[in-house]
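Thanks for coming. I will take one structure and walk through its strands, its ring pairs and its charged pairs.

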Amino acid sequence: MEIKQYVVDAFTDKVFKGNPAAVCILSEWIPDMLMQNIAKENNLSETAFTVKRENIYELRWFTPGGEIDLCGHATLGTAYVLFRFIEKDSGSISFQTKSGQLIVKKVNDLYEMDMPAYPLTEVPVTDEMELAIGFRPSEAWLGRDLVCVMADEQQVLQAMPNEERLKELDGLLLQLTAKGTTYDCVTRSFAPKLNVLEDPVCGSGHCHVIPLWANKIKKRELIAFQASKRSGVLYCRIENDRVILAGKAILYSKAEIYVP
């Protein structure tokens, strides 16, 4: 079996920046175990698989450690591939996913994604959080992920979390975030439970942190910075219970993969 696979750097316009996602274009679904093995072989934070059904694309995302319910950067990467190579005359693409329907629009040089906001519940800050992160959070919130609000962006930048201690905390991922100086907010994302220590740019993480910061700083439109080594910029706004995430993307590679 031969599968077309693209690698796209998302939330950036420069190769080797942003978050790389592998995108596999399928004519029909292949077994879950095969998709999981492809994701492990790629060893990127996300490999996306998509199949067209009439006017909508079914979309699934796999990390090296398992399937995930929502992924922003791989959705952006998939939309980029479809707009560039398959749906060249389309202005929007609809995806059916585990998190419902996601619509991506091409707006000038940005790809704008309509995504669900995760509801957050404030939880107590614990000594375990401080031991795992290396700094004590000022606040902690729990949705799908654990969101730890830090005193300032330097703590986000300087944090060197303990991978094993992170696995003991609540939440699927850990989102470290603080109010920014140049940007509205600064965030780093850690996913050792999914065999990804640090996710370079996390779209679903911003479906947690953007509603939080929008409420804190009383703004509907925010520019967010992901402070990983690769870094990335997300242009965000709140619309009711949805988060609109926009970013740029660039193609790194296209290839055929050969699987049994």
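I start with a term: two strands count as paired if DSSP finds at least two bridges between them. Strands themselves are DSSP runs of E with at least two residues, helices are runs of H or I with at least four residues, and both are numbered from the N terminus.

Before the details, some ground rules. This is a predicted model, in which local features need pLDDT of at least 70 and side-chain atom pairs count only at pLDDT 80 or more, while totals for chains, interfaces and linings use all residues. Residues are numbered from 1 along each chain as its sequence is written, and side-chain values use heavy atoms, with hydrogens and water left out.

Now the strands. S15 pairs with strand S16 (residues 232-239) in the antiparallel sense, over six bridges. Which residue of S16 is the bridge partner of Ala224? That partner is Leu234. S15 and S16 form a hairpin with five residues between the strands, and there Ser231 takes a positive phi near 65 degrees.

S16 is also joined to strand S17 (residues 242-247), by five bridges, and these two run antiparallel. Here Ile238 has Val243 in S17 as its bridge partner. The hairpin of S16 and S17 has two residues between the strands, and Asn240 in the turn has a positive phi of about 55 degrees.

Next, the aromatic rings. A pair of aromatic rings is described by the distance of the centres and the angle of the planes. Rings of Phe, Tyr and Trp (its six-membered ring) pair if their centres lie within 6.5 Å; planes under 30 degrees apart are called stacked, over 60 edge-to-face, and the rest tilted. By that rule the whole structure holds seven aromatic pairs.

Take Tyr57 and Phe95: their ring centres are 6.4 Å apart and their planes are at 55 degrees, so this pair is tilted. It links distant parts of the chain, with Tyr57 in strand S4 (residues 56-63) and Phe95 in strand S6 (residues 92-97), 38 residues apart. Are these two buried or exposed? Buried means under 20% relative accessible area, exposed means over 50%, and partly exposed is in between, using a 1.4 Å probe and protein chains only. Tyr57, at 5% relative accessibility, is buried, and Phe95 is buried with a relative accessible area of 0%.

A second pair, Tyr183 and Phe225, is stacked, at 5.0 Å centre to centre with 15 degrees between the planes. Tyr183 lies in the loop between strand S12 (174-179) and strand S13 (185-191), and Phe225 lies in strand S15 (residues 221-226), so the pair ties together parts that are 42 residues apart in sequence. Both residues get the label partly exposed: Tyr183 has a relative accessible area of 28%, and Phe225 is at 21%. Elsewhere, ring pairs link Tyr80, Phe83 and Tyr111 into a cluster.

On to charges. Side chains of opposite charge can pair when their charged atoms come close. The cut-off for a salt bridge is a side-chain nitrogen of Lys or Arg within 4 Å of a carboxyl oxygen of Asp or Glu. How many salt bridges does a search of the whole structure find? It finds 21.

One of them joins Glu67 and Arg60, at 2.8 Å from N to O. Glu67 is partly exposed, at 28% relative accessible area, whereas Arg60 is buried at 17%. Arg60 also lies over the face of Trp29, 5.6 Å from the ring centre; for that label, NZ of Lys or CZ of Arg must be within 6 Å of the ring centre and within 35 degrees of the ring normal.

Another salt bridge is formed by Arg188 and Glu198, again with 2.8 Å from N to O. Arg188 is in strand S13 and Glu198 in strand S14 (residues 196-199), ten residues apart, and the pair links distant parts of the chain. Arg188 is buried, at 9% relative accessibility, while Glu198 is partly exposed at 25%.

Glu239 is partly exposed at 32%, and Arg237 is partly exposed at 22%. Finally, salt bridges that share partners join Asp13, Lys14, Asp109 and Lys248 into one network.
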